[in-house]
Amino acid sequence: MATIHAAAFAKSRGWTEGEFTALLENRFTHSIGDSRCFALFQVIAGDAELLTIATHPSFQRQGLALRLMHEWHDQAIDFQATRAFLDVATDNIAAISLYSRCGYRQCGLRKDYYARENGQKVDAFVMECCLPQRQSPVF
């Protein structure tokens, strides 16, 4: 995960192996993906949060992130989440487009949230979407 994350987020600091290990030790944290891409998310008290999603640059623009978005939403629904949240750098147009396509809308702004390698700070949009609930079978 750390290798993919570092390659995907070359303009900012990638998360370390230790950071991923610590997150995954938390019982509320879940991951999906493979050697090309992954998503890491938490579900707590009906709310799901996408912590990060990353696709190695060699595999970008192949629909993998869209597939992961649907998969992590499905898993979050299985854990009874009704809402999903994420934050995204305001200059990450590709990610904003992906999230909008998945039903997310801006609900907040975090000033100077992301630090770039050159020391520049970038705001983050906080985005949210409602997750559909599965229908219980009627007998």
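Helix axes are lines fitted to C-alpha atoms over the stretch in contact, and the angle between two of them runs from 0 to 180 degrees between N-to-C directions. In this predicted model, helix α3 (residues 64–78) and helix α4 (residues 93–101) pack at an angle of about 45 degrees, with axes 11 Å apart. The two helices are therefore oblique to each other. The crossing of α3 and α4 is right-handed. On the α3 side the contact is made by A65, L66 and M69, and on the α4 side by L98, Y99 and R101. These contact residues comprise five nonpolar, no polar and one charged.

| Strands | Sense | Bridges |
|---|---|---|
| β1 (residues 29–33) and β2 | antiparallel | five bridges |
| β2 and β3 (residues 47–55) | antiparallel | eight bridges |
| β5 (residues 105–115) and β6 (residues 121–130) | antiparallel | seven bridges |

Strand β2 (residues 37–44) is mostly covered, with seven of its eight residues buried. β2 pairs with β1 and also with β3. L40 of β2 is the bridge partner of S31, and the bridge partner of L40 in β3 is T52. Three residues lie between β1 and β2 in their hairpin. The hairpin of β2 and β3 has two residues between the strands, and A45 in its turn has a positive phi of about 50 degrees.

A further hairpin is formed by β5 and β6, with five residues between them. In its turn, G119 has a positive phi of about 90 degrees. Within this pairing, L109 stands opposite F125 in β6.

Note on methods. Residues numbered from 1 in each chain as written. Predicted model: local features only at pLDDT ≥ 70, side-chain atom pairs only at ≥ 80, totals over all residues. Heavy atoms only, no water. Helix = DSSP H or I, 4+ residues; strand = E, 2+ residues; numbered from the N terminus. Parallel < 35°, antiparallel > 145°, perpendicular 65-115°, else oblique. Left-handed = near helix turned anticlockwise from the far one by under 90°. Contact = heavy atoms within 4.5 Å. Nonpolar A, V, L, I, M, F, W, Y, C, P; charged D, E, K, R; others polar. Pairing = 2+ DSSP bridges. Buried < 20%, exposed > 50% of the residue type's maximum accessible area, 1.4 Å probe, protein only.
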